[in-house]
Amino acid sequence: MAKITAGIATSHVPAVGHAVDSGRTQDDYWKPMFDGYEFSKKWIAENPADVAIIVYNDHASYFGMDIMPTFAMGIAEKFNICDEGYGPRPIPVVEGHAELATHLAASLILDDFDMTVLNKLDVDHGLTVPLSLMYGTPDKWPTKVIPLPVNVVMNPQPSGERCFSLGKAIKDAVEQFDGDLKVHIWGTGGMSHQIQGARAGLINLPWDIQFMDDLINDPETLQYKPHLEYMVEAGSEGVELIMWLIMRGALGDKVNEVHRFNHVPASNTSVGHLILTPKDN
Amino acid sequence: MKPNFDQFKDIPGTTIFTIEKAREGFQLNEFCMSLRTQENRDRFHADERKYLDEWEMTEEQKKAVLDRDFQRMLDLGGNVYFLSKIFAAEGLSYVQAVSTMTDMNVQEYQAMMLAGGRSPDGWRSKKERGEA
Ligand SMILES: [Fe+2]
């Protein structure tokens, strides 16, 4: 049977991608942030996945407002890299896992999660920056990827409860797959940041740390946090953190905290990163 | 459940991109999406007015783009991820563009970020700030 063996949470700041692509990760500004991922690179080399389900949001890179799916799943064999206005990032193409992805999409739809099915998708920094943080600059990504885009850009975004429940349904669906696979689930985005308006630059590190604690220890309560609180306390773009709830829902009741890292700032953002593993229960 | 968009109106210095704002800004955001190709970026930069006239945007939206008035673009239904295509095409970073919406210049804004960012204290409510 396939099994979810780890959950990874990380911010996905676009400037981090530029720093990697231009070889500036050891600059004074960037080094302390990239240092926080050194452990993670070693850990993931020792604890590899066959497939990573990466929960992320597109930032008007592939989806415009023509079609705005609330939850979607990429079921293709490969995903090209978006041109976000600076030209596409010079990184390897992202390979999919069509067999597991079709199984997951079908299972989730049958479980009343009305996933939008994507046979074609280009992926943006929301998905590729986490890959760069965890794997550096390989010639080929070491894992296959199932992209799971969530609308966090247009309000109303899906509720926290819905995200957490989706994670639980993903866990069940993975375990029902006829095939032996180690699967990681990644929740990306956040933490506190606001990149618009007179209030831009908002950072709330104590709130971010409390969010991490609650995500680990009390997600059943955390799922009910209203979107308004994310916006007020963690900035208008802090609402991306609902995507971490999907990751957490897929890990079961109790988790081990393998790694935790916080850093302020990367560009406009409070960077947060967790590696969690399910406690067998 | 009946949507409650009014709940977002008390957040100071913040424009929440609701489904209603998305409708208002659809053509503006579509124009932004078109800048994802180098060919269109070049055409836009060669004659901005002419390029904008290819879109069914309001005159106010076009003027805001020509003025690079990002706050005004937000007010008229733009969203920052879409608007980023405008400043990315000019080689500007998020920090450079975003700082223009605040009362700081880019150096002051960067210094604030390096010092830990803007504290939410005093920025939670317009009422608290005497703005409403
Ligand atoms: Fe994001």
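How many residue pairs are in polar contact between chain A and chain B? In this predicted model, the count is 23 residue pairs, with both members of each pair at pLDDT 80 or more. On the side of chain A that touches chain B, two elements give two or more residues, namely α9 (227–234) and β10 (255–266) of chain A. The largest share of that side comes from α9(A), which gives four residues. Sorted by class, the side of chain A that touches chain B has 20 nonpolar, 16 polar and seven charged residues.

The extent of the interface was also computed. Contact joins 43 residues of chain A to 47 residues of chain B. The area buried between the two chains is about 3800 Å², and carbon and sulfur atoms give 61% of that area. Charged side chains also meet across the interface, where the count of salt bridges between chain A and chain B is two. In a salt bridge between the chains, the side chain of B:Arg41 meets that of A:Asp83, with a distance of 3.0 Å from N to O.

Attention then turned to the empty space in the model. Rolling a probe the size of a water molecule over the atoms shows where such space is left. The largest pocket holds about 780 Å³ of space. Its lining consists of 41 residues, and the closest to the pocket centre are A:Pro14, A:Ala15, A:His18 and A:Ser267 of chain A together with B:Ser93 of chain B. Elements of both chains give two or more residues to this lining: α1 (14–21) and α5 (125–135) in chain A, and α7 (80–88), α8 (94–99) and α9 (106–114) in chain B. The element that gives the most to the lining of the largest pocket is α1(A), with five residues. By class, the lining of the largest pocket divides into 19 nonpolar, 16 polar and six charged residues.

The second largest pocket has a volume of about 450 Å³. Among its 18 lining residues, those nearest the centre are A:Pro156, A:Gln157 and A:His227 from chain A, and B:Met1 and B:Gln7 from chain B. The lining of the second largest pocket has eight nonpolar, seven polar and three charged residues.

About 180 Å³ of space lies in the largest cavity. This cavity is lined by 18 residues, and nearest its centre lie A:Val153, A:Ser236 and A:Glu237 of chain A with B:Phe17 and B:Asn79 of chain B. Nine nonpolar, seven polar and two charged residues make up the lining of the largest cavity.

The second largest cavity has a volume of about 60 Å³. Residues of chain A line this cavity, among them A:Asn57, A:Asp58, A:Phe63, A:Met68 and A:Pro69, as well as the run from A:Pro149 through A:Val150, A:Asn151 and A:Val152 to A:Val153. A:Val153 is also one of the residues nearest the centre of the largest cavity. By class, the lining of the second largest cavity has seven nonpolar residues, two polar residues and one charged residue.

Key:
Residues numbered from 1 in each chain as written. Chains lettered and ligands numbered in written order. Predicted model: local features only at pLDDT ≥ 70, side-chain atom pairs only at ≥ 80, totals over all residues. Heavy atoms only, no water. Contact = heavy atoms within 4.5 Å. Buried area = accessible area lost by both parts, 1.4 Å probe. Salt bridge = Lys/Arg side-chain N within 4 Å of Asp/Glu carboxyl O. Polar contact = N/O pair within 3.5 Å; in protein donor to acceptor, adjacent residues only side chain to side chain. Nonpolar A, V, L, I, M, F, W, Y, C, P; charged D, E, K, R; others polar. 1 Å grid on protein atoms, 1.4 Å probe; cavity = no way out; pocket = protein on both sides within 12 Å on 5 of 7 lines; lining within 4 Å. Points joined across faces, edges and corners; volume = space filled by probe spheres on them.
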